[in-house]
Amino acid sequence: MALLYRLSFSSSSSPLSSACNSIKQFNPISPKSFICSLHFNDTSSSSSSSSPFTEKHSFERYQRDQWVYSSLQHNRPEPTSPSVSLDADSTRRNDIALQLPELKKLLQVLREKREEDRVGAEKCGPGNVYLVGTGPGDPDLLTLKAMKVIQKADLLLYDRLVSNDVLDLVAPNARLLYVGKTAGYHSRTQEEIHELLLSFAEVGATVVRLKGGDPLVFGRGGEEMDFLQQKGIQVKVIPGITAASGIAAELGIPLTHRGVANSVRFLTGHSRKGGTDPLFVAENAADPDSTLVVYMGLSTLPSLALKLMHHGLPPHTPAAAIERGTTPQQRIVFSELKDLADKIGVEELVSPTLIIIGKVVSLSPFWPISSKEATCLAEAK
Amino acid sequence: MALLYRLSFSSSSSPLSSACNSIKQFNPISPKSFICSLHFNDTSSSSSSSSPFTEKHSFERYQRDQWVYSSLQHNRPEPTSPSVSLDADSTRRNDIALQLPELKKLLQVLREKREEDRVGAEKCGPGNVYLVGTGPGDPDLLTLKAMKVIQKADLLLYDRLVSNDVLDLVAPNARLLYVGKTAGYHSRTQEEIHELLLSFAEVGATVVRLKGGDPLVFGRGGEEMDFLQQKGIQVKVIPGITAASGIAAELGIPLTHRGVANSVRFLTGHSRKGGTDPLFVAENAADPDSTLVVYMGLSTLPSLALKLMHHGLPPHTPAAAIERGTTPQQRIVFSELKDLADKIGVEELVSPTLIIIGKGQAVLQQRYKILV
């Protein structure tokens with residue numbers, strides 16, 4: 001899905017160069033005043049409205065994080081215009097690689113601080129690592145528990161599925177680290193991140209791994225938990241509103257409904273190799289009395305729809321594809337299953353998009369009344 | 001599931017009789033100071049710890065709602081001891097029936113108030129009806145949005161799956177109406193409730209229908225929405241943490257996990273006739289690469305487990321049954337699928353209990369302490 005995003009600098013080059021030239025002060029006495037965040041402006045080339053998920057960061061944070069760019073400046077020629085594309089993978093790897101040394105310095109400071117505290121007979125416990133679900137995008141859909149944890153976190157790791165509005169809730173002195181995965185993400189860096197999480201937890205910091213939606217539903221939360229738990233770090237999971245719930249509520253689609261759907265199934269559209277063939281075998285998913293919700297299913301949808309119909313799901317089964325659900329940029333395509341892939345293509349929906357297939361979709365007040373209107377692009381907000 | 005609860009009064013009979021004898025003032029000028037809530041103490045006979053879902057209400061609210069009991073006193077003999085069981089169905093029907101006249105009075109007052117406002121050129125819009133998910137029990141699992149709506153609600157309808165801690169968050173002057181469904185619940189009363197919701201919305205009140213978990217996952221939220229929408233009232237749905245998510249997070253069980261479970265399926269254990277045969281046909285649910293989560297599945301579990309194994313799910317598939325998940329009274333039973341029904345019976349788990357079946361459980365079973 002990251003292939004749909006083109007990296008570019010949204011600001012002109014002159015603030016960039018002036019920012020690069022100044023060096024941010026690093027004050028070892030109060031490490032928490034040192035904010036560390038690096039984020040390039042991701043602009044989807046196919047969407048005319050700004051993404052709620054990354055754009056707001058770019059210049060504000062850039063100015064704050066200029067210390068990193070001073071190193072960056074040495075490594076590559078300065079971009080002269082906003083349309084210069086950087087290689088997404090290498091830039092992100094560089095981001096983390098650049099930040100890691102700084103974070104390691106912070107770690108060292110926190111360790112020394114902890115030693116001092118121990119001498120002064122203060123109670124020091126192990127830090128806490130939280131896996132926090134942030135919901136589908138609307139910051140009001142955070143749980144109270146998630147809010148509390150986010151606001152007391154020292155270090156927060158996040159990715160592309162965490163909306164900007166949610167990131168705005170962090171404490172002013174907290175550190176943000178972007179750890180989004182792109183295809184071909186270097187595994188060494190992933191390990192470094194895990195080690196970092198571990199180290200911060202050991203010195204007593206509160207570390208939060210932010211996840212979009214719910215961490216345990218297609219969030220790969222289990223994998224991150226495994227790693228940390230193997231190292232003896234207890235991870236607490238704070239659930240979030242999974243995309244299916246948040247978006248169904250937005251559209252007024254009951255995921256289960258007496259006489260219509262007696263079960264609901266969440267699937268991932270991801271294929272093992274990043275191809276167009278969905279991961280699972282669709283036979284037992286082709287149940288007309290069940291609602292199907294497909295996460296991350298844009299690229300594999302054509303193939304999935306065909307398989308479902310092949311295995312018996314009626315071609316006229318109502319379906320909806322919702323891009324950026326619950327955010328102001330939400331866009332919806334309603335269609336019968338047989339036309340869904342085409343209509344999504346026409347509207348050029350991009351990730352994150354949730355797909356709901358089942359008779360329940362037609363229960364939505366926004367479901368177009370006649371089949372003629374099935375092409376309409378509804379904005380629910 | 002309500003069959004597992006026995007109604008009884010938890011408090012002694014003397015405060016009861018004194019409460020019955022006083023009559024609460026009804027002030028028509030400020031209807032919002034009139035609190036309306038009726039709730040008997042539901043104590044599960046098989047659980048030694050108190051239910052987080054109903055018990056706390058009993059006496060506090062009873063004292064506040066004594067006006068209803070004054071009518072009640074005429075209709076039935078006073079209970080002499082806490083162990084007297086009342087007929088659950090008729091009591092609940094009476095509850096609603098008793099409250100409806102009072103609520104209708106309130107409605108009338110609000111209507112008159114709205115007329116006055118209109119004369120005074122104040123802006124009056126239609127009220128708002130919200131379907132609000134309250135999560136599996138822990139009040140910290142409410143969304144910010146749900147909190148805001150609950151705190152500004154005038155009338156809140158709730159049932160047994162909404163925990164007491166959540167109900168404690170309502171504004172002091174808000175009205176609470178218990179609308180829990182029991183088997184054989186009279187459909188006329190259900191219609192009356194719908195009409196009431198409608199009427200309150202029309203006079204501009206903020207009406208909230210509280211649901212446990214998420215309203216659109218086995219919450220019958222769709223049916224309530226349908227009714228209101230047919231009458232032209234727009235219902236806004238505020239999602240909640242569904243039991244599967246809340247409990248999985250509590251236990252640290254991933255519902256999906258690379259290489260273990262590539263999908264998760266939510267099922268209901270309810271049978272159409274309240275019997276022991278699950279509603280759906282289990283063949284396509286017997287997928288070893290999927291996690292199954294069964295809501296309200298205690299009574300049909302024996303039958304369900306057999307069907308799943310019959311259709312190919314391995315008998316040693318790890319499973320867990322979690323009673324009152326995310327609350328302090330949480331209890332968990334871990335088992336292989338083939339023994340799950342027996343173990344649940346031994347531990348006497350009661351509703352609300354969530355059942356999770358799938359390979360994802362295996363990881364936890366090694367490390368998790370069984371709370372029995």
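Modeller: In this predicted model, a residue counts as buried when its relative accessible area is under 20%, and as exposed when that area is over 50%.

Biologist: Is Phe218(B) buried or exposed?

Modeller: Phe218(B) sits in the loop that runs between strand S6 (206-211) and helix H8 (221-230) of chain B. Its relative accessibility is 14%. The cut-off for burial is under 20%, so Phe218(B) counts as buried.

Biologist: What is the phi of Phe218(B)?

Modeller: Most residues other than glycine have a negative phi. Phe218(B) is a residue other than glycine, yet its phi is positive, with a value near 55°.

Biologist: Where does Thr326(A) lie?

Modeller: Thr326(A) also has a positive phi without being glycine, near 70°. Its relative accessibility is 2%, and therefore it counts as buried. Thr326(A) is found in the loop between S10 and S11 of chain A.

Biologist: Which kind of aromatic pair do Phe218(A) and Tyr295(A) form?

Modeller: Over all chains there are eight aromatic pairs. In the pair of Phe218(A) and Tyr295(A), the ring centres are 5.2 Å apart and the planes stand at 50°. Planes under 30 degrees apart would be stacked and those over 60 edge-to-face, so this pair is tilted.

Biologist: How many residues apart in sequence are the parts that this pair of Phe218(A) and Tyr295(A) ties together?

Modeller: Both Phe218(A) and Tyr295(A) are buried. Phe218(A) belongs to the loop between strand S6 (206-211) and helix H8 (221-230) of chain A, whereas Tyr295(A) belongs to strand S9 of chain A. The pair therefore joins parts whose separation in sequence is 77 residues.

Biologist: Which residues of chain B belong to the cluster linked by ring pairs?

Modeller: The cluster has members from chain A, namely Phe218(A), Phe266(A) and Tyr295(A). Its members from chain B are Phe218(B), Phe266(B) and Tyr295(B).

Biologist: What lies 2.6 Å from a polar atom of the side chain of Thr300(A)?

Modeller: Thr300(A) is in the loop between strand S9 (290-295) and helix H10 (301-310) of chain A. With a relative accessible area of 0%, Thr300(A) is buried. At 2.6 Å from a polar atom of its side chain lies the backbone oxygen of Gly269(A).

Biologist: What distance separates the C-alpha atoms of Gly269(B) and Ala320(B)?

Modeller: Gly269(B) is in the loop between strand S8 (263-268) and strand S9 (290-295) of chain B, and is buried at 0% relative accessibility. Ala320(B) is 51 residues away along the chain. Their C-alpha atoms are separated by 15 Å.

Biologist: How wide an arc do the buried residues of H11(A) cover around the axis?

Modeller: Helix H11 of chain A spans residues 337-347, and its buried residues are Leu337(A), Leu340(A), Lys343(A) and Ile344(A). They are on the same side of H11(A), because the arc they cover is only 105°.

Biologist: Which exposed residues does the face of H11(A) turned away from its buried side carry?

Modeller: The buried residues of H11(A) are covered by elements of chain A including H10, strand S10 (318-323), strand S11 (331-336) and strand S12 (353-357). The face turned away from that buried side carries the exposed residues Asp342(A) and Val346(A).

Biologist: What is the omega of the peptide bond that joins Ser351(A) and Pro352(A)?

Modeller: Pro352(A) has its place in the loop between H11 and S12 of chain A. Most peptide bonds are trans. The bond joining Ser351(A) and Pro352(A) is cis, with an omega of about 5°.

Biologist: Where in chain B is Pro352(B) found?

Modeller: The peptide bond from Ser351(B) to Pro352(B) is cis, with omega near 5°. Pro352(B) is found in the loop between helix H11 (337-347) and strand S12 (353-357) of chain B.

Biologist: How many strands does chain A have?

Modeller: Chain A has 381 residues, of which 57% count as buried. Its secondary structure comprises eleven helices, and its strands number 13.

Biologist: Over which residues of chain A does the pLDDT stay under 50, with three contacts beyond four places in sequence?

Modeller: Chain A has an average pLDDT of 71, and 60% of its residues score at least 70. The pLDDT is below 50 over residues 54-60, but that stretch has 22 contacts beyond near neighbours in sequence. The stretch with three such contacts is residues 120-124.

Note on methods:
Residues are numbered from 1 along each chain as its sequence is written. Chains are lettered from A and ligands numbered from 1 in the order in which they are written. This is a predicted model: local features need pLDDT of at least 70, side-chain atom pairs count only at pLDDT 80 or more; totals for chains, interfaces and linings use all residues. Side-chain values use heavy atoms; hydrogens and water are left out. Helices (H or I, at least four residues) and strands (E, at least two) are DSSP runs, numbered from the N terminus. Buried means under 20% relative accessible area, exposed over 50%, partly exposed in between (1.4 Å probe, protein chains only). A polar contact is a pair of N or O atoms within 3.5 Å; within protein, one must be able to donate a hydrogen and the other to accept it, and residues adjacent in sequence count only if both atoms are side-chain atoms. Rings of Phe, Tyr and Trp (its six-membered ring) pair if their centres lie within 6.5 Å; planes under 30 degrees apart count as stacked, over 60 as edge-to-face and the rest as tilted. The arc is that of the directions from the helix axis to the C-beta atoms. Contact means heavy atoms within 4.5 Å. pLDDT is the predictor's confidence in each residue, from 0 to 100.
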